[in-house]
Amino acid sequence: EEHFGVTVVNLADRPLTINSIGWRVGRCKKKRYCIQPIYGQHTQQYPKQLGHGEQASFLVSFKTTPNWPKQFAEGFVQDFSSCNLKTLRVLIHTSIGETIEVVPEPNLLERLRAAAG
C-alpha cells in the first residue's frame, strides 16, 4: 500500500507527546501552514505519547485517500517553482514546545509535481 508517512523516534531522556504533524511552505508574507490529518488502518493517531527509544509512524494512506497528492499539491503547495519547493517542510509538533522541521524526500516532491499536472 502506498502512503505518505512520518516516523518519529523519541531520543530524549524523558517522555514526550506528538501533538500533531503539519506543513509549512513559502517565505515571509507568503508563508502558509497546515495540520496534516492522518488516515489509514496502520497509522498512529494524535496525540501519541512516546517514552525514551519508542517510535510511532503517522501515515496518510493513498488507498484510503487516493486524491491526497493532487489535493495537497493544488490546495496547499500551489507553486511548484524550485524556489518555493525548497521551502516545503514537514513540522512535527511536540508537547515540550519544540517543533521539529523535516525536509520532504525527493520522491514525494516528484509525486506532488506529477499530481498537480
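**Briefing: a buried loop, cysteines and salt bridges**

At 0% relative accessibility, L88 counts as buried (under 20% relative accessible area; exposed is over 50%, partly exposed is in between, with a 1.4 Å probe and protein chains only). This is a predicted model, where local features need pLDDT of at least 70, side-chain atom pairs count only at pLDDT 80 or more, and totals for chains, interfaces and linings use all residues. Residues are numbered from 1 along each chain as its sequence is written, and side-chain values use heavy atoms, with hydrogens and water left out.

- L88 sits in the loop between α2 and β6. Helices (H or I, at least four residues) and strands (E, at least two) are DSSP runs, numbered from the N terminus.
- Leaving aside neighbours within four places in sequence, L88 is in contact (heavy atoms within 4.5 Å) with W23, R24, V25, F76, V77, P104, L109 and L112.
- T87 is in the loop between α2 (82-85) and β6 (89-94). T87 is buried, at 5% relative accessible area.
- Beyond its neighbours within four places in sequence, T87 is in contact with R24, V25, G26 and R27.
- A polar atom of the T87 side chain lies 2.7 Å from the backbone nitrogen of G26.

**Cysteines**

- The whole structure has zero disulfides (pairs of cysteine sulfur atoms within 2.5 Å).
- C34 is in no disulfide; its nearest cysteine sulfur, in C28, is 19 Å away. C34 is partly exposed, at 24% relative accessibility.

**Salt bridges**

- How many salt bridges does the structure hold? There are four. Each is a side-chain nitrogen of Lys or Arg within 4 Å of a carboxyl oxygen of Asp or Glu.
- One of them joins R111 and E2, with the closest N and O atoms 2.8 Å apart. R111 lies in helix α3 (residues 106-116) and E2 in the segment before β1 (3-9), so the pair ties together parts 109 residues apart in sequence. R111 is partly exposed, at 31%.
- R24 and E101 also form a salt bridge (2.8 Å, N to O). R24 is in strand β2 (residues 16-25) and E101 in strand β7 (residues 99-102), 77 residues apart. R24 is buried, at 14%, whereas E101 is partly exposed, at 45%.
- R113 and E110 meet in a salt bridge too (2.6 Å, N to O). They are three residues apart in helix α3, so about one helical turn separates them.

Notes:
A polar contact is a pair of N or O atoms within 3.5 Å; within protein, one must be able to donate a hydrogen and the other to accept it, and residues adjacent in sequence count only if both atoms are side-chain atoms.
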